[in-house]
Amino acid sequence: MAQIFHRSTNLIARVSILGAVFIIAAVTWALAALNRSPYVTQVGVAREQPVPFSHKHHVKQLGIDCRYCHTSVEESRFAGIPPTETCMTCHSQIHATSPMLEPVRESWRTNRPIPWTRVYDLPDFVYFDHSIHVKQGVACVTCHGPVDEMPLVWKASTLHMEWCLECHRQPELYVRPREYVFRTDWAPREDQRELGRRLVREYGIDRPEKLTDCSVCHR
Amino acid sequence: MVEKGSEASWGMAALRERLAKQRGRVFWRSLEELAGDPAFVRFLEGEFPTPAPAEVDRRTFLKLMGASLALAGLSSACTRQPTEQIFPYTRAPEEVVPGRPLFYATAMTFGGFAAGLLVESHMGRPTKIEGNPQHPASLGATDVFAQAAILTLYDPDRSQVVLYRGGIHTWAAFWGALAIERERWQATRGAGMRILTETVTSPTLADQVRQVLTLFPEARWHQYEPVSRDHQKAGARLAFGRFVETHYRLQEARVMLSLEADFLAWGPNHLRQAREFILRRRAETEPTEWNRLYVFESTPSLTGAMADHRFPVRASAIESIARALARRLGLEVPEPDLASLGIDPRLVEALARDLDQHRGESLVLVGETQPPLVHALGHALNQALGNVGRTVIYTEPVEAEPIQHMASLRELAEDMEAGRVDALFIVGANPAYTAPADLDFAERMNRVRLRVHLGQYADETAQLCHWHLPESHFLEAWSDGRAPDGTVTIMQPLIAPLHETRSAHEVLAALLGEAERPGYEIVRAYWQQQFEAGQVGGFSDFQTFWRMALHEGVVSGTSLPPVSVSVQWAAIAAELAKRPARAPEGIEIVFRPDPTVWDGRFANNGWLQELPKPLTKLTWDNAAIIAPTLAERLGVKNGEVVELRRGDRQVLAPVWILPGQAVETVTVHLGYGRWRAGRVGSHLGFNAYRLRTSGAPWFEVGVEIRRTHRRHELVSTQDHHSMEGRHLVRTATLGEYRENPRFAKELGQDPPPDLTLYPEHRYDGYSWGMVIDLNACIGCNACVIACQAENNIPVVGKREVKIGREMHWIRIDRYFEGRDLERPDIYHQPVLCMHCDHAPCEVVCPTGATVHSHEGLNQMTYNRCVGTRYCSNNCPYKVRRFNFRLYADWATETLKMQRNPDVTVRSRGVMEKCTYCVQRINAARIEAKKRDRAIRDGEVVTACQQACPTEAIVFGNLNDLESRVAQLKAHVLNYGILTELNTRPRTTYLARLRNPNPEVAALLEEGTP
């Protein structure tokens, strides 16, 4: 019986085997890239909210402290989303009839919460505590980005484990003096590495091996 | 380790022979282990016993692998987190800080008496129950029932709506119907109206019932609880002419004699009693300060397991022992015939001598299961020994109406039979299931025109009632209750009722014409009245009193002062003459409340069903418990169904052979065989109430046992996770300990510290460790349930337990010791992850899912685990648990509310194990850092440690040499198990000591019982 395939088809076979390697590599790379893309991580994507609350306006223009609304940031793992009551302390007087604020007033009238969209959502097997980070000199903006520039809040970091570890491995690159934790306009006056080392010592921040123990975040 | 047996079956005779051949001390967990039963060996050798693997051919295998690989690739890269929402408060409540739990003081009543609790609440959601250290009956500890009560709160099978003749109805309709009835009673003065409750100590509830009885003078109040205190009350009446509460002060006692008194596990004060008992038996206790406990009992109990001398005797013989002792201690009692009971009079004499030598420091305790006469003799003995006022005190009764429950129920049943009952209100009780068989209660109930049942479940009684009213859980309702010493706790709810439920107070208020009056108002109004009448005080105004009472969980100044009573010997003597001590013939049946589901009320609680019973280690079942000798005589083996016949009543029950059981007795546990308990608790085990009669609630001579040659699958965990020998439990008598304090160390063969291939760890900060004092562990299981509640541990079901897949992170290994199958010593050893410094599990994990922390923890990272199970295979302590199926219930909404938000809810395919409650360590660390200080000793309390009634578990920082745990580690009795493997465990034990009476020991050595 004659051969079905000509001898030259061997080349095609060889090329396709070689190609398969490239294709698999390319697909893997593409998936990895996708995993880190804003499509999946939502980094930099401003999220729609029931009320278009502007941090830019409230923080930068009005100069309200973070803790005015996020009251439990210093005592609890959860920074706290303000109750409608907090909004109404001002907005029963200011912009009291603005249609934009109708959901707030409705919430106040009906005693039903405002369903805010979560921007930062850690997986359920990760246990993060705001209070200790704030205490140890990790500023709000270090993780949450320039909140004072965000009309609608977007995620400033991936929340991937590699991102967390970046700081847990070398906290001296990120910590700042405690008194500036809630400031959005702070920049180190000296070398950050020098300052960081001093603060790490002063604040008793654990050495990186301890900070990267699994059970620090997973339990 | 016992050599492996052949496939052939083994007999008791062969077993005894085999035991006799063993050298040294012999510890064994089951007869099967002792015999080297093939089934046992198979179970032991298969690390994860699995059912037969499914047949998969090569082609299917490749297809499945390809598909799962592709899916794995896609899902890991292309999943986006779903968008979630945050719902803040509209008006934030005071005190609630989102993310931080709050603790509220309340109490749980059990058998009518309150045990104080502190309940953890996460944003209005109670998740975990702890004891209230300020409460006299809790002292900060809890038992299994209190720990598991949180699951009952969220049980989806709880009754949720009013039922009328089985159909869904409304409260409004019931209030309407009740209003009509009230008009009728006003005319008849309540004739024929009956209220049936359980034991009542609640001052408010008692006040309400009395108001009802004042309003309708012809009405009657009955009380019935299957596990009541009838004999205790009748015994006190016989001895003193009236009922007074007996309170033991065990910390004062040096020699204790228990006549079937299971005082460590039974009774409203058992947590306190356990704590006081252990005070003189801890590893640190000076040998000269130790107490000694003798126990006579028919069936092994937790108290019996702690005894220095435990004598299994039939229940009816205990009266004779009490008589013989009384005679020897100078009371005028005719000499009972000890010989016919097979009891050596020299033994009683030795005992009497020991008691006599400790006048004022001895104590005779009598169990509820013994008849009133024995209780009276106990009182007389304590008086004769000069113990009153020292090791035992008496107070006025705490119960609102301390009546005889059985008599009360009998009267009700007879009145129903005679047609004298027109309307029956059952508040909380379940008599259709729990009433003794001879009363035909369920049958007679049908003669009552109007039957109303208030209960947490639409149970057997609800089925027979016209109206069923769903009752609130104690965490949903306002109430009050009293501790055994009289201390009042005002019980506050932690959560609004999850369903359309009402409390007993609210229903009784409706009987008084105040339908829909909130429980808060009822309880508060009662106490306001008491405050204004000057009954309670200490505060300038009522509001302060109320707030303090709620905050503290106790109302100060409400404990009862001791009263002075003296034994009226004439009455006892008359009773003694009336009932000559008899030498019974035939097999005795003994009834006991089940150690985990009690009288059946906890039947639908999966945690308690799956909890191995402390001594049999059975789960999900009850059994007819018999001694090895009786089993041999009957020719039965574990799991064989026998017919127990008593007169014309019979039940079919599977046999369980328990060493230490009195030979001529068979023990059955109440609480099983329910048919309307819920989806968890129905149709499990057999109903022992069908053999129980009102005349003999705890034991009776004359039960026939017939073989049926059928089998029932009983599942016991006694052979699971067996570590095989090697001096796991180390024990000595006090005498041996004095001679050689280092005995526990010498039994181990620790390799030299530098002989290791592992890198040394450096612990410069904290270094966590645990010590468990085996002298203090009473085997009560509270730690197991506490761990389950704290760490979101799922229930797996009987079938999975059978193949060794129970998920408990801490287990209590129960060992028998000795060559006598009928009278072994019993030891408990809690085993949890040892957090080895050189952990064998860590080096074999291919994904690094289990690694060592810099504080010595052996960490388990669930999201890294791919389920190879190598770690478990390599763990010599067998403390790792693999989630084979999706055991956690991810679907039932109410159950989700129970979960601890600080601990991951694990999925299938993941290994898990004890974490040393790392969530609590982290919480303490964060708090300490926020205050710029180190974690203090005692600040990190693990869940098991917190629940433990005897403080047997101590946890802390080993680097802090001042810490309690570090000091205990330095104790000469401290030892690690399997340390010859060079694992360097962080969990260690303090060796168990016993304090036998040399005189009695010598008698036992002779072979006389």
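Predicted model: local features only at pLDDT ≥ 70, side-chain atom pairs only at ≥ 80, totals over all residues.
**Entry 1: domains of chain B**

I began with the domain bounds, which come from an automatic or database domain assignment. Chain B splits into domain 1 (1–46), domain 2 (162–228 + 401–552), domain 3 (245–395), domain 4 (588–716) and domain 5 (719–994). I then looked up one spacing: the C-alpha centres of domain 2 of chain B and domain 5 of chain B are 44 Å apart.

Residues are numbered from 1 along each chain as its sequence is written, and chains are lettered from A and ligands numbered from 1 in the order in which they are written.

**Entry 2: where chain B touches chain A**

I counted a contact when C-beta atoms, placed from the backbone, lie within 7 Å. On that basis, 37 residues of chain B are in contact with 40 residues of chain A. For elements I used DSSP runs, numbered from the N terminus: helices (H or I, at least four residues) and strands (E, at least two). On the chain B side, α4 (58–78), β2 (85–86) and α31 (918–930) each supply at least two residues. Which element gives the largest share? It is α31(B), with five residues.

I also looked at how β2(B) meets chain A. Strand β1 (residues 116–117) of chain A pairs with β2(B) in the antiparallel sense over two bridges, where pairing takes at least two DSSP bridges. There, A:T117 has B:Q85 as its bridge partner.

**Entry 3: strand β14 of chain B**

Is β14(B) buried or exposed? I called a residue buried if 20 or more other C-beta atoms lie within 10 Å of its own, exposed if 12 or fewer, and partly exposed in between, with C-beta atoms placed from the backbone. Five of the five residues of β14 (residues 362–366) of chain B are buried, so the strand is largely enclosed by the rest of the structure. B:S362, B:V364 and B:V366 cover one side, and B:L363 and B:L365 the other. In a regular strand, side chains alternate between the two faces of the sheet. Strand β11 (residues 255–259) of chain B runs parallel to β14(B), joined by five bridges, and B:M256 stands opposite B:L363.

**Entry 4: a helix pair in chain A**

Finally, I checked α5 (residues 84–91) and α6 (residues 102–110) of chain A: their axes come within 10 Å and cross at roughly 115°. Axes here are lines fitted to C-alpha atoms, for helices over the stretch in contact, with angles from 0 to 180 degrees between N-to-C directions. A:T84, A:C87, A:M88 and A:H91 in α5(A) meet A:V104, A:S107 and A:W108 in α6(A).

Note on methods. Contact = placed C-beta atoms within 7 Å.
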